[in-house]
Amino acid sequence: MKQRTLREKKLKKRIIVVSLLALLIILMTTFAGVIAPNDPYTTSASSIRMAPGAQYPFGTDNLGRCVFSRVLYGGRTTIAATFLLVFISFSIGTVIGMLCGYYGGILDQLLMRLADIMLAFPQMVVAIAVAGILNAGMSGAMVALGITMWVSFARLSRSHTFSIKKEAYIQAAFFAGKSDFYIIMVHVFPNLLAPVLTNALTQIGTTMIGLSGLSFLGLGVVPPKAEWGSMISEAKAYIQIAPWAVLFPALATIITIIVFNYLGDVVMDYMEV
Amino acid sequence: MVLLEGKNLNKCFNDKIGYTNALQDVSFTLSKGEVLGIVGESGSGKSTLLRVISGMIPPSSGSLYFKGEEYTGKKPRQTGEFLQVIFQNAKSSFDPRMTMEKAILENGRGKKDKDEILRLLELVGLEERQLSRRAGELSGGQCQRMSIARAFYSNAEILLCDEITSALDVSTQARVVELLQRLKSDGKLSAVFISHDIALVSMICDRIMVMKDGRCVEQGSTDEVIGNPKDEYTRLLIDSVKRQAI
Amino acid sequence: MIKKAIKKIVSLIVILMILSFFVFALLYIAPGDPAEKRLTSQGVAVTKEVLDAERERLGLLKPFLVRYGEWLVRVIRGDFGVSFKDDMPVAPKLWAGLRNTTILAMTSLILSLLISFPLAVLSAIKKNGIADNIIRLFSFIGNSIPNFLISVLLMYFLCIKMKLFPVIASENLQGLFMPVVSLSIPMTGRFIRQMRTEFLIQLKEDYVVGMWGRGVKGRYIVLNILRNSIGHISTVIALQIGTLMGGSVVIETIFRWPGIGKLVMDSITARDYPVIMGFVIVMGTIYVVINQVSDILGHLMDPRTNI
Amino acid sequence: MAECLLDIKKLCTSYDESMVLKEIDLSVYKGEVLCIVGESGSGKSTLIKAICEDKSVRVNEGSVMFKGSHCGHKLLGSSIGLVQQNPEGAFNPLRSFDVQFAETLKSHKREPDKEKLAAIFSTLGLKDTDKLLKMRPYELSGGMNQRMAIAASLLLNPELLLCDEITSALDVSTAIAVVDELLRLRREFGVTIVFVTHNLGIAANIADRVAIMYQGKIVEIGDAKDVLTNPKHEYTKGLLRDVPRLKAM
């Protein structure tokens, strides 16, 4: 078993490193208030489009606001919204998928038809339509992405529940006279959690791309609220004269997405070992 | 005294591949302390029969009695009070995350009796330290013994064994067979033993039923069935085993 | 087989019906009053009488289902109603936009497939080799950068810094380069990752060992693997087209490419609902049809999968 | 003694860091049926993999020679045929047999030999071969698939046929039939067979000689009758005792 445990140790080390990185990003953005040198919303006519310097580490944008502070506060919005959205879709999807997988029958058929319909629409097109027509800011964007996301979680948890239900220990629990509720709570859910959680991790990166994309189009967060997508969208107009106002939020987005995507990848490799 | 009885059991499935008659008019009886063997190749209906007797699936027609009282159509939750099933895949009959002790306690319908568990472990030839193990840390043979202990802990009177040794090595299988023979001789075992290996069945069972295409082609005491088989298919089964005899 | 085809067509129609109902319902609960929007956007003073007349003319007073029925019948005949902004019929705008988007989308799709397919095969066969690690690194990064970011960064470095390409996309090769690359990079990343996984699954199948045991040459084994993967890969491509649709909206807005994506973005800012509805229906229909076709292809390739 | 086809000397291997073969010495003679018997984990399948130069097996020491030259993957198909345990594992389940048979032939630059194929098919009891060749593996039963796999490995008339647990996935009656057909193939085509199994009953039926393997070592080897009726090694004795026997009347 030497080779396998070696690979396992290596993967475990990577998971710890990456999750520390992810935690660092989360902490930096949640404590933006403490870290940020300036207030992200106060504009100052005198320091419009200043290059990065002592007072403004990432320079200032078109309205003289400190890009560094806005990146920190923006991070908080994006990451909080992403985690909230993934968490809600994950919980709803997993529970519904598990119940349909366990009980089957019309409930299950209903979910399958609903899932086929929901997944039949391209996610971004639906998001654009919903966010565009409802025009409800970040919550609109979250609803738009959430509609199709919970369904993919439901389908995954349903297929895992099916394979768990076929296992002999579930039959043994029936013979032990256990109730459906007991079997679901004690046997189905714990064995279901690991694979579904791993999938949720991989969804974080994709959701972040979706949310910042919508904000970039002006369908998610609307200025002046600080959010990476909308900051980049705002700053791209005068990219030639103040490139830092675009590059720093862009860098922040890419790094965060890479860290969370890599975390999802490594955890998935670890689960397969 | 007749513990378990089945009368004119039929079962037909109609799914994608059409209308299949898995069980056709099968009847049997099982008395206390007796082991009934059910032999047949794959597709003979022996597993379907076990799933019907255990209540996992309802019969299309026919009836089932426990100590004279009818229990046809009852689900495993109720039949689990008087019968327990031991599955072919020993490892997957335990929740991979659960220790053996918790798995056994789960089958006690609320009973919490550590001494009885230790006594059962000794009965099936396992040690107390294995109680804290999980299924992944035990061998196939050990898991199968543990599931026999778990079955007895529920103080159900009948064991239904579904090909419980086919996934095991010859030597491990021999040890499990010896265990069953010992339990039978102590009068502690009334069971239905299902297998495709007629030689194995002849070593454990008092009576044998031979199944072919959902029908019971022959039924009788082990000596009668092995000694002078009446049905031509039974003869074929016995000859193919004799040809392989060493 | 015919039974399966009919079942497919029926589910196709059902999904499209629900799509249209979803869009219409969405419009119904949208904030703001369309009649008022039309008047203000045409600069007419909004008084009670004028408002009521306008509502009457637009038929807004009829019950919801009747309006939905009428609208649906018109849509089936290809008439998506009239744009709020300039009272011009919406349909021709949509088709013109669609033509441009198709040029952009197809070019980037084909480009991505041409790059990702060989790389995925190479990295699956040379698993954990240097080539595999490099390919996986690039596809991972490509997959982690949103396409609007790529376009902004490309625009900065290629157009502004090195002045290689025009910022505004035009229909020649030069102008098309930037939007196509922005769309292709994330798509290539995703294709490589998903195709590589599918090839690895096939490589682990028993029949590969079986053929190896008969001394079958490598190229035949690879051919068999590719043949078995077509079904799954067609699903991957069909799903990617969905993301591509979303992506083209963003890219067309950035590079001013006159596709259906830019059209819908402009109509969103102008609250021009008929165009938005037209966009969702057209794109939804295309996507649903593509997915059903890929399901059928998948079934043809592997009859054991049930539809 | 007939000509020695396969000669394995002091073979020590490790396989995915778990199973290790410890100094295996084994010779296989032309025309014989050598049966290798062992329980799971005894290393019998690893030995087959080592003979075929399977990448997952690392040979630390010793040699595997086939008719004097180094035995390895390149001989597979032409001089050595290999049949595996999973009947559905020999062919690509989605493509018809004729295309896959042709692929095997083209890989060895051989022209299809119609009569030879017909002879093999009839020995295996396979009728209306043209219809069969047009079908796809997932349409056939386990027994039929296994027979097609045997036919495919005999296509290029190899001198040695390696069978790795080929009857374990089959019903008892089908297994016996396949064993009879293999013996007929040996008689008609003179092919040497190395048959790996955990089932002593099957071994008794097919083997001229039997080698008993336990924890990576050959603990006993000899004529089938001697080894199976009066074994010398303790492990073999235990194994024979454990085989379920029809209850004496």
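This is a predicted model: local features need pLDDT of at least 70, side-chain atom pairs count only at pLDDT 80 or more; totals for chains, interfaces and linings use all residues.
Which element gives the most to the lining of the second largest pocket?

**Stop 1**

Select B:His196, B:Asp197, D:Val172, D:His198 and D:Asn199. Among the 47 residues lining the second largest pocket, these are the closest to its centre. The volume of this pocket is about 1200 Å³.

Next, colour the elements that give two or more residues to the lining. In chain B they are α6 (170-185), α7 (198-204) and α9 (232-244), and in chain D they are α6 (172-189) and α7 (200-206). The answer to the opening question is α9(B), which gives 5 residues, the most to this lining. Colouring the lining by class shows 19 nonpolar, 17 polar and 11 charged residues.

**Stop 2: the largest cavity**

A search of the whole structure finds 6 cavities of 30 Å³ or more. The largest cavity has a volume of about 110 Å³. To centre the view on this cavity, select A:Ala172, B:Gln84, B:Val85, B:Asn107 and B:Arg150, the closest to its centre of the 15 residues that line it.

Then show the elements around the largest cavity. Chain A brings α7 (168-175), while chain B brings β6 (83-86), α3 (100-106) and α5 (140-153); each of these supplies at least two lining residues. By class, the lining of the largest cavity holds 9 nonpolar, 4 polar and 2 charged residues.

**Stop 3: chain C against chain D**

Hide the other chains and keep C and D. Here 19 residues of chain C are in contact with 25 residues of chain D. The two chains bury an area of about 2100 Å² between them, and carbon and sulfur atoms give 55% of it. On the chain C side, select C:Trp212, C:Arg214 and C:Tyr220: these lose the most area to chain D, together 36% of what that side buries.

How many salt bridges does the rule find across the interface of chain C and chain D? The count is 0. Polar contacts are another matter to display: the rule finds 12 residue pairs across this interface, with both residues at pLDDT 80 or more.

Finish with the helices on the chain C side. Both α9 (206-213) and α10 (218-255) of chain C supply at least two residues to the side that touches chain D. The largest share, 7 residues, comes from α9(C). Coloured by class, the side of chain C that touches chain D has 8 nonpolar, 5 polar and 6 charged residues.

Key. Residues are numbered from 1 along each chain as its sequence is written. Chains are lettered from A and ligands numbered from 1 in the order in which they are written. Side-chain values use heavy atoms; hydrogens and water are left out. On a 1 Å grid over the protein atoms alone, a cavity is a set of points where a 1.4 Å probe fits but cannot get out, and a pocket is an open set with protein on both sides within 12 Å along at least five of seven lines; lining residues have an atom within 4 Å of a point. Grid points are joined across faces, edges and corners, and a volume is the space filled by probe spheres set on the points. Helices (H or I, at least four residues) and strands (E, at least two) are DSSP runs, numbered from the N terminus. Ala, Val, Leu, Ile, Met, Phe, Trp, Tyr, Cys and Pro count as nonpolar, Asp, Glu, Lys and Arg as charged, and the others, Gly among them, as polar. Contact means heavy atoms within 4.5 Å. Buried area is the accessible area (1.4 Å probe) that two parts lose on being put together, summed over both. A salt bridge is a side-chain nitrogen of Lys or Arg within 4 Å of a carboxyl oxygen of Asp or Glu. A polar contact is a pair of N or O atoms within 3.5 Å; within protein, one must be able to donate a hydrogen and the other to accept it, and residues adjacent in sequence count only if both atoms are side-chain atoms.
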